[in-house]
Every structure is written in C-alpha cells, then in structure tokens.
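The exercises that follow are to be worked with the sequence and the coordinates side by side. Try each task before reading its solution.

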Amino acid sequence: MAKASVAFVCQSCGAVHSKWSGKCDACGAWNSITEEAASASVPVGANGRRAPKGRAIALEDLKSEDAEPARRVTGVGEFDRVCGGGLVPGSALLVGGDPGVGKSTLILQALASYAKVGGAAVYISGEEAMAQVRLRASRMGLSEAPVALGSATCVEDILTTLDKAKTPGIVAIDSIQTIWTGALEAAPGTIAQVRTSSFDLVRYAKSTGAAVILVGHVTKDGQIAGPKAVEHLVDAVLYFEGERGHQFRILRAVKNRYGPTDEIGVFEMTGRGLAEVANPSALFLGDRDSASPGTAVFAGIEGTRPLLVEVQALVAEAGYGTPRRAVVGWDAGRLAMILAVLDSRGGVGTSTRDVYLNVAGGLKVGEPAADLAAAAALISSFADVPLPRDTVYFGEISLTGDVRPAPQAELRLKEAAKLGFKSAVVPQDTKSDGAGLKLTPVRDVGDLVAFAGAEAARARRK
C-alpha cells in the first residue's frame, strides 16, 4: 500500500497543483492554495493490474419500469414548485445564496410546514446555537412546529444521531461549509472537507430514503463555495437571489434531476419570515399609472410560469467624451448588441448618448425574447415619447435587425390579457390567436421604429 501523498488544492475553484504558489493558475485567485493530504493510491496486484475489491452488480435493460416515488410536499408552494412538485425521497438538495438573503429562513419555514402536517423533520445548525434558531423560529411564529433541532459540525456525530432514531423525512444541514469529518486532517471549510462531508450525507440520503437539504455559501462572484465539488454530488441545486434594496427574493433552480431547471419561486421578505407571492407579474410591473417615456412591459416565461416585467430605459446626453452604458437585471453584452442594431438597422443614433437600462423589481432576465421590449424602451426614451401603457412586447432581435418569434406566445398573451393589457407587439410569424389582445406584428427593428413614430404622432394629436 502506497503512502498518502500531499496535494495543493485551490479553495476557490478546487484545482489541484503539484506545488504551492501564491496565485491559482486555473481561476486567478490569490492566496487560495492550501496543502491537503491526498488519498492513498489503490493497491496493485502482482500482474500489474489493480487488485479487485468490489462485487458484481446486476445489470438491467432500459425497459425496466419503476414506480415514481411519492414526493414529500413541504407546504411552501413556491419552494415545492422549484423542486418539481416536492422533495424526492433519497434525494440531496443544495441551496446557495448571498449571506443574509434568507436561506436559513426559507429552509426553517419549509421544515416547519412539513412537520406541521405530520412529517418528521430534522434541522442541524452548524453556524448558530440552538437558542439563536429558537429565537428566529419564535419571531416567525414557528415555535410550535415539531421540528427536531440540533447543533453539530462533525459529520460522524450527525450521522450517528440520525441512525439512532427513526429515519426522518427531511434533514437540513446549515451550512455544509461548517461540517467536517475526522477522517481528514484538513481544516473545516476546505475543499476536501466540504466534498467528503457532502458525500457522506448524500450517501446517507440514498441509503435511508431521507431527503437531505444542504445550505451552501457563495463566493464573491456568485458561485457556490467549494464549487463543482458539491454541485456534482447532489441531485438539485437552487440559488436564492435578492437585492438588498428590495424585499423580494427569487428561488431559482439551476440543476434538477427530478424537475425543470428553469423554474423560479418568488418570495417577499417580511418581519415574520418569507411570504409567497401569488402574482409575481403584478410585483414586477411597478407603477403603471405613470406615462413616462422609456418604459415597456416584457411578457416573459420563467420555467412553466408566464411573467410580466417592466423594462426601463434612459437615453441621455453624454456628460463626457465616452458614452456610458449601465444595465441592471439584463446582460450588458446584449444591450450593446441591441444598441448597435438600432443604430445600423433602425437609424436611431444612440452611439453618442449615455444609455441606462433597468429591470424593475430586482429580477434578472436572461431570455432572448426580452430584446423587443428593451429596444422599444430605448426608442421611447430616445424619442422622449411614452409608449402605450396597455401594450406588452416580446421577440428576439437578430444582428440583421429581424425580429424572430418567441416560444409559448399563447401563454404570454393570456397572462397579459389576464392583467388587463389590450394589445401586444409581437414578431410577424407569431402563431397565436392573440388571446383577445390586438396584435401588432413587426418584421424588423424598422417596423418597431415606425410603430414608435406612429404612437408619437398620435400623442401629438391628443
């Protein structure tokens, strides 16, 4: 048996180096490389091959059908929606987010709701004392919920405690960065400790049928600390997002083996915890009573849910030689592309102006179909003419200036009609009956500029 060797591992990205250095060549982080004991090599037999140590497993064909396990519904509707309808027995879930965004609050509410309907839930805190968790539960009105509470950081102690009692339905670990195992000499929070502890907890979930929820910290660039080492082990990865200036929080799935990966859940942070938002479209629309230039409503799709959001734009005279481009809630590169298309294909002329773009409510939009709404808001601000308040926009703009159709147009239009909108500006080849809305098809950005000009003329006549 060969002796265990020494490896130098970056605590930011997990890259392994042959020797220590001040900067990680993989991610560029400084002072992030620490020395860790590598695992011992596998014994080799006399014939030069690795010695067999396993047992044969049964192989089956693809025709084998297994009954889908009944999901464990927590009772927090938005959380269950993002998970795909509830937690699957034997699954492992990783929830990440910025410090103070409300991860612990969300998990505690989900466990309390599950326990109130007869489920067995265990909450293990590695960061807070039990008195602190009880204080938060009292503030949220959850003190009477039969949630088993514990405080531990050693994974062997946690697993021994869980094995002594009946297998719970849900186990939450808050957070995985504080958990360590005695099998390693590395400090808690290092890549090796996080990876090994996570593997032990995931193995417990698979062997017992308990659903395990791991809470993870994120790095300064928004990725879960202990990067892909943990994400590859779990079945689902959820990110809890929110701006400090907004009381709204968004739970977004980025990996889910048992459900959709583009679903979102919307919450509002209150003094008594997180409240579910029943109608997110009304939340992100903002104040629609004002008739200011530079606003357009985008009819988007997040997962299976239609979502209407207000896009705000401001095109102003540049105060310095180089025009400024600032964007919040959208991709800055896509904004630059839309501005270039408007200038070259639509003759707008924003190259010498400062441009600011914002998505109301703190939502981050990544759908290409938002191009048409952003372009409409930019044209409206540039011309200083407000767009109709009862109109929604969606469609993808190509580099040639053409407006391409967006998927699920019928669902977008039905949501707009439900919220009182009367018309929609859509791509020319949109396949929909309009859901009762008046449709204005546009072929390219030139048609969009002409539409804005017609609205300007109508406003002047009034």
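**Exercise 1: a leucine in a loop**

L87 is buried in this predicted model, its relative accessible area being 4%. Find where L87 lies in the chain, and which residues it touches.

Solution. Begin with the chain, where L87 belongs to the loop that joins α1 (77-83) to β4 (92-97). Next, list the contacts, leaving out residues up to four places away in sequence: L87 touches R71, R72, T74, F79, L93, I170, A211 and I213. Finally, take I213 from that list, which is 126 residues apart from L87 in sequence, although the C-alpha atoms of the two are 9.5 Å apart in space.

**Exercise 2: the two faces of α3**

Determine which residues of helix α3 are buried and which elements cover them.

Solution. Applying the cut-off of under 20% relative accessible area, one finds V133, R136 and A137 buried in α3 (residues 130-139). Viewed down the axis of α3, these buried residues fall within an arc of 100°, so they line one face of the helix. The covering elements include α2 (103-116), β5 (121-125) and β6 (148-151), whereas the face turned away from the buried side carries the exposed residues A131, R134 and L135.

Terms used
Residues are numbered from 1 along each chain as its sequence is written. This is a predicted model: local features need pLDDT of at least 70, side-chain atom pairs count only at pLDDT 80 or more; totals for chains, interfaces and linings use all residues. Side-chain values use heavy atoms; hydrogens and water are left out. Buried means under 20% relative accessible area, exposed over 50%, partly exposed in between (1.4 Å probe, protein chains only). Helices (H or I, at least four residues) and strands (E, at least two) are DSSP runs, numbered from the N terminus. The arc is that of the directions from the helix axis to the C-beta atoms. Contact means heavy atoms within 4.5 Å.
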